[in-house]
Amino acid sequence: MNARQCKHNSRNMKRSGDSEGEKRRKRRRLLQELGDQKIPFLGPSDRGYQQLWDSSYTGLVLRRSCSLPTELHDRVQAALLTLRRKGCLLRDLVRVRDRDVFTAVSRALLGEPGHTYRYLDTRLFAIPWHSEDSEVKGQNCCDPDLRAACKALWELNTFFCSDVSKSKEGDTLTQCAKVGEVEAKQSEEGDTESKHSEDSKNSEGGDSGSRQSEEGDTESKHSEEWDIESKHSEEGCSGSKQEGEWETESKHSSEEGETSQVIPAEAGVAAGSEHSEGKCPSWAPKGVSGTQTEPVGLKAQEKPVVQLKHSLSDYHIEDKEEQASGQGCSQPSPQQVFSGSVKFNVTLLNYMDPASMSQLKEEPYYGMGKMAVGWHHDENLITHSPVAVYSYSCHDNKGESSEGGSGEKTCWRIGLKVAWDIHTPGLMLPLESGDCYYMRDDLNSTHQHCVLAGDTARFSSTHRVAECSSGTLTYIQSRCQEALSNLHTDPETGSHTLLALRPSTLQHCEEIHNEVEFEWLRQYWFQGQRYARFCSWWTRPMEQLEKDWRLMETMTMLFLAKVEEEGQAGEGRREMAETLLSALTDRHQQRQTWRDRCHSSLAQTLPPEEAPVDRPFWGVDDPSMPLPFDLADIINRVESLLWRM
């Protein structure tokens, strides 16, 4: 990399940092102006709920538990409990703003063999669901119980694939049958007010004056949330401190993620249910625990909220731009748009028990209650592809269902809002155990959703059409073959030579070298031995990837030798040296980052079988490796060579 390029990159980085800082300052000012005002939201017991759903949340479809086969429920719920009992659901150590954080939820990825899913600088490697096809191939990588559990989730996936694309307006209307009766009564009384959960507002701290006086508190509850939205916060960051390792500013909400302590009286809507003749639970108005206050109408709050609309509209545009950039791929690839029949290729399983969490945060904009998961879009998906979610609430590992309990129990709920829109009221959707919901069309990209905590533990199986153009084993194996095609091995002596010395070819090979090491090998070993403990599917493929990577280390050694060879033509040699320097500098920096992560204080808290492994790593005198692990001396040699040219 020449001096001009370095200066250009430096200016871009500074400009990007300044822009990000300015956006944060604007968000803080806007949210301080919002203060204690809450944006309205509607629940099933509110007048206008169905109309709001039909007009502003058309991609949302609810599948009540009674509409799924009982046998499927039994198999899926038993499978989820089996996966947890066997230790397959684990908290991830993810990267948020250059800091490591544990996810609040425990999770695992199941899916098509060889598929991965990437979020927050973390690549999850799918446990293959054992479809009938894979059983024919004799892939016995798991014990029989785990194999049966994986197959049950594949059956659920198959059901979703065929069901999600069907017209489901009837389900929505069935879900709101009782609500229609409520609306009729409210209409007779001339009630035109919408629900705004004052009980949740009161639970946020009582004295609103004291809250406004503390600017730092406002930022921790509000500005960071908006910042997360603009970045499309990803799955799973904890909202509680991990032994002082991170502060409130780095608390990202995310998919099955941000946490706080559950208090039933503050959760907004009680979980009492009535059963229709078809035994489908539907929702009628319920009194909430705690002090009742008069609902706040839309017009009462509209004025201060409207004043922010113009200022926030610019961020709505930025939000869409940043979404397109995503972080699901190790290499940039053209954006794919969903079309045709649905085929979910992975499911991200999540488990969370609110009772085990020391802190849960209040939903800050609408007063919906305690959040188990902050506002977010689901990431790394084919554009406009649907998402299907199965929700299972239980009391304990025995799978005792939460249905039929006390009417004062708080159920799990989904909150939805139009992204960066403070005019449209939010929507709150209660979930009974076994309920499913679909986000279809462009709902996931134009809206955001959060998960509001109930009183019981909850599993969710979130089925996705993941964007895997650079996230499958087949893909990275083909990339290895591309790089190794430039390496010739003498069949008699075993010596190696490079076939082509064009800078573009050498650069391509070095990029693949870095991709294999940092997007696959180190990602895999950072998650310790946890995959091999219960599923051996990835063991041999990763061993082969490491062998290919070692050959790429040899290719880099040969590249270095050519650069340092005095007989090379001047201009071509300089271009080769700049290409090599760029690749080595990137590699050296990334190795140091991964080494630091493996030895961080958070990583040290994990048990040995889950602790990160700093691999590949080798000592200075390792004769099997062609180059040292620490590349600082080699980088200095190449820089000195460039200075002499």
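**Loops and a helix pair in a predicted model**

Pro616 lies in the loop that joins helix 17 to helix 18 (632–644); helices (H or I, at least four residues) and strands (E, at least two) are DSSP runs numbered from the N terminus. The peptide bond leading from Arg615 into Pro616 is cis, with omega near 5°. Most peptide bonds, by contrast, are trans.

The structure is a predicted model, in which local features need pLDDT of at least 70 and side-chain atom pairs count only at pLDDT 80 or more, whereas totals for chains, interfaces and linings use all residues. Residues are numbered from 1 along each chain as its sequence is written, and side-chain values use heavy atoms, with hydrogens and water left out.

The protein chain contains 18 helices and 21 strands. Of its 645 residues, 56% are buried, where buried means under 20% relative accessible area, exposed means over 50%, and partly exposed lies in between (1.4 Å probe, protein chains only). The accessible surface of the chain amounts to about 27500 Å², and carbon and sulfur atoms contribute 48% of this area; accessible areas come from the Shrake-Rupley method with a 1.4 Å probe, and for residues only the protein chains shown count as cover. Among contacts with a separation of 6 or more in the protein chain, 80% join residues 24 or more positions apart, a contact being heavy atoms within 4.5 Å.

Helix 14 (residues 503–526) and helix 17 (residues 570–598) form a pair whose axes come within 9 Å and cross at roughly 5°. Helix 14 is therefore roughly parallel to helix 17. Axes are lines fitted to C-alpha atoms, for helices over the stretch in contact, and angles run from 0 to 180 degrees between N-to-C directions; those under 35 degrees count as roughly parallel, over 145 as roughly antiparallel, 65 to 115 as roughly perpendicular and the rest as oblique. On the side of helix 14, the residues that meet helix 17 include Pro503, Leu506, His513, Phe518 and Phe526. Their counterparts in helix 17 include Met576, Ala583, Asp586, Trp594 and Cys598. The residues of this contact divide into eight nonpolar, six polar and eight charged; Ala, Val, Leu, Ile, Met, Phe, Trp, Tyr, Cys and Pro count as nonpolar, Asp, Glu, Lys and Arg as charged, and the others, Gly among them, as polar.

Thr505 is also found in helix 14, and is buried, with a relative accessible area of 16%. When residues up to four places away in sequence are not counted, Thr505 touches Asn486 and Ala500.

His377, in the loop between strand 13 (370–376) and strand 14 (387–394), is buried with a relative accessible area of 0%. The side chain of His377 reaches the backbone oxygen of Asn444 at 2.6 Å, and a polar atom of that side chain also lies 2.9 Å from the backbone oxygen of His447. Thr103 is placed in the loop between strand 4 (99–102) and strand 5 (106–111) and likewise counts as buried, at 0% relative accessibility. A polar atom of the side chain of Thr103 lies 2.9 Å from the backbone oxygen of Val105. A polar contact is a pair of N or O atoms within 3.5 Å; within protein, one must be able to donate a hydrogen and the other to accept it, and residues adjacent in sequence count only if both atoms are side-chain atoms.

The loop between strand 3 (93–96) and strand 4 holds Arg97 and also Asp98. Most residues other than glycine have a negative phi. Phi of Arg97, however, is positive, near 50°, and that of Asp98 is positive as well, at about 65°. Arg97 is partly exposed, with a relative accessible area of 27%, while Asp98 is exposed, at 67%.

Ser341 lies between helix 11 (298–325) and strand 11 (346–352) and counts as exposed at 67% relative accessibility. The C-alpha atoms of Ser341 and Ser162 are separated by 8.4 Å, although the two residues are 179 residues apart along the chain. Ser131, in the loop between strand 8 (127–128) and helix 4 (132–136), counts as buried at 12% relative accessibility. For Ser131 and Ala152, 21 residues apart along the chain, the C-alpha separation is 9.0 Å.
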